[in-house]
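Subject: Structure handover

Hello,

Here is the structure I promised to pass on. Please look it over first, then read my notes below.

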Amino acid sequence: MLRNVVSLVLLCLTSLAGLAAEKPKVQIMPEDQVKAGMHGVAYTVFEGVAPESMDVEILGVLRNMAGPKSDVILARLHGKKVEYFGVVAGMSGSPVYIDGKLVGAIAYRIGEFSKEPIAGITPASSMLEIDAMDKTPATEEARGLPRDKQAAARTSGPGLATPNQQDPSYANLLKPIETPLVFTGFSENTIRLFSKDFASAGVVPVMGAGSVSNDKQPEPLVPGSAVSAILVRGDMNIAGTCTVTYLDDTHLLACGHPLLQSGSVDMPMTKATVLATLPSPENSFKIVNTTEPVGAFVQDRRAGIMGRFDREPHMIPVTLTFHGVSHPKQFHYEVLNNAKITPAAMMATVFNAIQGMNEYGEDTTYRLRGDISVLGYPKLGVKNMYAPLDGSTPTAYSIALAIGEHFSRIFENPYATPKIEGVELNFDLVPDRRSARLETARTDVTEARPGDEITIETLLRPYRGESILRQIPVKIPTSTPKGTLRILVSDGDTLDKMRRVPGPMSRRLDLGSTIALLNKEHINSELYVSLLEANPQAMVDDKVMPTLPLSVMNVMDGMRGTQDLIVVGESAVDEASTPVDYVVTGSQIITLTIK
């Protein structure tokens, strides 16, 4: 064991002079020099922080196995521990040397229930390309979301294979060794509900097999050390761990395959301690505690991930505050600023916090208020009320979906890079199911003139309570033409759906218009009355132009159907509302003749 450690230290001192130079001084063995029958050594941590050696026997080179011009070196691993544990989740990135030259990183395994520790090695030359393409800006500028994340989010949907997803039809082929993305502080129900959302981003959750801390770890990182990437940290944690392939004073490379394949990233990088390696016939894995931060991962590419020691990552600080309970509670945590991960992480953490309250129950109602701060833009207000409605969807899940939609729409804009500065959400808990359905809506007149004031009388039926009568005065605009006037009495959601930019058009809005549109959405604890005229209404970005004359529409016809102009058949010329303090559902139409 001592000889292995000494050998490893010598390799670090003599071979790894730096990735920052144009030609790395570390000695590389190209894959075309790797031949079947060669023997070498690999390093990984099975327990603690000290890497241990494994003997490596080269079986051959699989040309184009990882893609065009992307070879994989096939090897059999030997040694007491590796033959007992097999190819272990968390072993990704374990450096392989032959005659003191770096061959690459252990990164792939074969299928399920393999009886032999046979692994695929990502060539070192492929990993060095990550450093060559790194254009990470200075620290002050590196905290935004790079544009290529947006492209990655569009090309890595549920229908495409991602590094940590399993496809049983390819079970016997080489696939990336799983990076254990450990969820601590999360309930099993949370992980089950949101596993698909994380899977679409390439994340397969593992519950409770480790923790996240800032504990000091005096031992230096060396090739073969465990290193972790943090997605969420604080009162709830998500972290992934793999192995350092090599490093110098400013950089390190790890994993040998992507974590999320998000391109440029800004992700906390920490040291890690392996508490134990758990053997399993299906998939052995390491139980890991992450420790002190050492920089940031800045690249997440096909051949591995790259970290820099001179970078301070930016995370989104989140505070959840719960009032109206016997002991008010706050949750503090930080979330990765990433188009693929942030919406799913926000949904899971909010749901998990709500369901983790002792006061949570099937009849609890939540008043939500708060804001999302995006650098350079007005605050995005978050305000609504949530109560059990149909009994099949947990209220916490409805809240989580609404929060996730806000973040998805922020990241979907194709024009600006959102830098989210913080999230504050306040919840008032009411131990009662405060939901009400609109049962009837009427007015005592059938005719009116422009300028008249009429009263809309509504009856709402609450859950297990007495009916609620509301009267809403409405003034007919003086510009209302003669004929039939439709009056919509509805909840806020119905009104928003009428005015929401449809389908793909909504994703073309710039970030400022997206935030403005979200800030104009109606709350669902009020009852709304809208006057609808049979004239076209145009929406340009977040602006609404009702009752456009035909002459104006003809001039604007060239914009029709583009992201610049959306036209709907009716115009909402006036709106009134009354607070109800119940979650209102339902809508009705009243017709009135204007004389």
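Start with the packing. The largest nonpolar core has 77 residues, and Leu320, Val350 and Phe427 touch the most other members. Helix 6 (residues 342-355) gives the most to this core, with nine residues. A nonpolar core here is a set of buried Ala, Val, Leu, Ile, Met, Phe, Trp, Tyr and Cys residues joined through side-chain atoms within 4.5 Å. Buried means under 20% relative accessible area, exposed over 50%, and partly exposed in between (1.4 Å probe, protein chains only). Helices (H or I, at least four residues) and strands (E, at least two) are DSSP runs, numbered from the N terminus.

Two notes on the source. This is a predicted model: local features need pLDDT of at least 70, side-chain atom pairs count only at pLDDT 80 or more, and totals for chains, interfaces and linings use all residues. Residues are numbered from 1 along each chain as its sequence is written, and side-chain values use heavy atoms, with hydrogens and water left out.

Back to Leu320. Leaving aside neighbours within four places in sequence, its contacts (heavy atoms within 4.5 Å) include Phe331, Tyr333, Val350, Leu425 and Phe427. There is also a second, separate core of 24 residues. Among its members are Leu460, Val584, Ile590 and Leu592.

Next, the rings. The structure holds 10 aromatic pairs. Rings of Phe, Tyr and Trp (its six-membered ring) pair if their centres lie within 6.5 Å; planes under 30 degrees apart count as stacked, over 60 as edge-to-face and the rest as tilted.

Tyr43 and Tyr97 form an edge-to-face pair, 6.1 Å centre to centre with 65° between the planes. Tyr43 is in strand 1 (residues 39-44) and Tyr97 in strand 4 (residues 94-98), 54 residues apart. Tyr43 is buried at 2% relative accessibility. Tyr97 is buried too, with a relative accessible area of 2%.

Phe322 and Phe427 are stacked, because their ring centres are 4.9 Å apart and their planes are at 10°. Phe322 lies in strand 17 (residues 315-323) and Phe427 in strand 21 (residues 420-430), so the pair ties together parts 105 residues apart in sequence. Phe322 is buried, at 0% relative accessible area. Phe427 is buried, also at 0%.

Phe46, Tyr84 and Phe85 form one aromatic cluster.

Last, charges over rings. This requires NZ of Lys or CZ of Arg within 6 Å of the ring centre and within 35 degrees of the ring normal. Arg433 lies over the face of Tyr463, 4.2 Å from the ring centre. Arg434 lies over the face of Tyr582, at 4.1 Å from the ring centre.

Best wishes
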